[in-house]
Amino acid sequence: MSAYPRNDAIAASVDVKPASFRFSRPTDLDEALALLAEHGDEAVVMAGGQSLTPLLNLRMARPEMVVDVSRVSGLDALAVDRDAVTIGATCRARRVELDAEVRAVLPVLPEALGYVGHPQIRNRSTVGGMVAFADPAAEIPAVLRACDGTVELRSANGSRQVAATDFFVGVYQTARADDELVTSVRLAAPPRHRFVVTEHARRHGDFAITGGIFGLALEQRIIRGLRLCFFGVGHGPVRLEALEQRFIGEEFDDRLIVEIAGGVGHLLTPPSDVHASAAYRQHTAAVITKRSLRALAHEGATHG
Amino acid sequence: MDDEQFVEIALTVNGARHEVRCEARTLLSDLLRDELDYKEVRVGCEHGVCGACTIMVDGEAVRSCIMLAGCADGAEITTVAGLVREGEELPPLQRAFTEHHGFQCGFCTAGILVSVLAEAKAGRSKEEVLADTLGGHICRCTGYVNIRRAINAAWDEIAPEAAA
């Protein structure tokens, strides 16, 4: 039974339906890891499928095998403790976004998730998938990086934790080996920081042209902590740690905000592509830095 | 082709049970439209952006064009046609769309009705539905004005009491 024509001439010219692949749907982690151990180099892992299926449909990806891990038991747990959130790889984005405990402990995460596509997408997409896919325009890798999060990887041979700073190595490239599965991500709220997420896209829900995760910890008016992590500006999330350190101990006023934004504009080296030039992205990054830090300053004033 | 390139699934669509064997690469949208004859499921962009293909999977609004049929094993699917019963009056949202001229060509309409009803029922606020939920649908005809009017008009009847 096939929805697609068997006529070879048509099949050869059709490039808007997926090419054939073998499909596995393990229900058990060991089964999934055994599949990756044997087929990892020719298989892709599917969790929510919201990034992968479009690639399959447009034949931009033509894997031999698709391993759907969304039914692997135990992979969708969501745990919130005093200041950290541990998200199982197949936990749906919408569930994390709407969870009251997550919102209380780590509000930057639901705020960032609100920028991921639309609710209909988030009903299926997974935080683990976003991290494993490592789209350079993606919000969640930047949140992970901004909060010094970690990624848990498992294979048939064992497990390891990789810090966000080491996990995202290039465009759609991560430290995950072919036989490994992202099983969970963990991130903690940096103490006393308030965060703002700002994304510039043509329409809300589109891929980011440029965006940032901005965190600030103030004592009186003195900066005790600063997080500046950008997405859509390079090969992956770009955190400007040296710039952050430069301003610790300084008084947080508008003059300083302008200086920080200037630093951002100078340090980022974003790509040019069909959506925006490098100069546009640099300028946008500086502008959203100013807007976001001003928003954090305003919040600080009203909350004391 | 070998066996692993096929899937055998069982799913319920608008209350009717189907057992299907199809190629693993079959999209849920194509399974529903072409194999199972649910022509009310629209196919637009085929990469999850336009929203025309939106259906309910286990009560949640989902893009059927970026879900593999194999992932729908055991699922309860509701299409726009499943929201109305044969011979009965149009429910409030659908009625509001006709009264307030909320569609022109109608191609995006099925997806919008499904999304709005699923999200309203899940307890989302009207503001969120008018912004985020509707924002996930591209309409080239109407400019959204009458769509919003229709949703506003029907809101009290489609949202659970607590979320009014």
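Reply: A residue counts as buried if its relative accessible area is under 20%. The model discussed here is predicted.

Me: How many of the residues of helix α9 of chain A are buried?

Reply: Helix α9 of chain A covers residues 139–146 and is mostly covered. The buried residues include the charged E139(A) and R145(A), and I140(A), V143(A) and L144(A) are also among them. The count of buried residues in α9(A) is eight of eight.

Me: Which residue with a positive phi follows α9(A)?

Reply: Helix α9 of chain A ends at residue 146. The residue in question has a phi near 55°, and it is D148(A).

Me: Is T150(A) buried, partly exposed or exposed?

Reply: T150(A) lies in strand β6 of chain A, residues 150–155. Because its relative accessibility is 24%, T150(A) counts as partly exposed.

Me: What is the strand order in the open sheet of three strands in chain A?

Reply: The edge strands, each pairing on one side only, are β1 (22–24) and β2 (43–46) of chain A. Neighbouring strands of this sheet are turned by 20° against each other on average, direction ignored. The pairing is parallel, and the order is β1-β3-β2.

Me: Which residue is the bridge partner of V197(A) in β12(A)?

Reply: Strand β11 of chain A, residues 194–200, has five buried residues out of seven. It runs antiparallel to strand β12, residues 210–219, and seven bridges join the two. The partner of V197(A) in β12(A) is I213(A).

Me: Which residue takes a positive phi in the hairpin of β12(A) and β13(A)?

Reply: Strand β13 of chain A, residues 222–231, is mostly covered, with eight of its ten residues buried. Nine bridges join β12(A) to β13(A) in the antiparallel sense, and F214(A) stands opposite L228(A). Two residues lie between the strands of this hairpin, and the positive phi, near 50°, belongs to Q220(A).

Me: What is the positive phi of G232(A) in the hairpin of β13(A) and β14(A)?

Reply: Strand β14 of chain A, residues 238–239, pairs with β13(A) in the antiparallel sense over two bridges. C229(A) stands opposite R239(A) in this pair. The hairpin has six residues between its strands, and the phi of G232(A) is near 80°.

Me: In chain B, which residue in the turn between β3(B) and β4(B) has a positive phi?

Reply: Strand β4 of chain B, residues 60–63, runs antiparallel to β3(B), with four bridges between the two. V57(B) stands opposite E60(B). The hairpin has two residues between its strands, and the one with a positive phi of about 50° is D58(B).

Me: What is the volume of the second largest pocket?

Reply: Among the residues closest to the centre of this pocket are S70(A), R92(A) and R124(A) from chain A, with D58(B) and E60(B) from chain B. The lining divides into eight nonpolar, four polar and nine charged residues. The volume of the second largest pocket is about 360 Å³.

Me: How many disulfides does the structure hold?

Reply: A disulfide needs two cysteine sulfur atoms within 2.5 Å. The sulfur of C65(B) is 3.6 Å from its closest cysteine sulfur, in C53(B), and is therefore too far for a bond. C71(B) is buried at 6% relative accessible area, but its sulfur is 11 Å from the closest one, in C22(B), also too far. Over all chains, the number of disulfides is zero.

Conventions
Residues numbered from 1 in each chain as written. Chains lettered and ligands numbered in written order. Predicted model: local features only at pLDDT ≥ 70, side-chain atom pairs only at ≥ 80, totals over all residues. Heavy atoms only, no water. 1 Å grid on protein atoms, 1.4 Å probe; cavity = no way out; pocket = protein on both sides within 12 Å on 5 of 7 lines; lining within 4 Å. Points joined across faces, edges and corners; volume = space filled by probe spheres on them. Buried < 20%, exposed > 50% of the residue type's maximum accessible area, 1.4 Å probe, protein only. Pairing = 2+ DSSP bridges. Axes fitted to C-alpha atoms, helices over the stretch in contact; angles between N-to-C directions.
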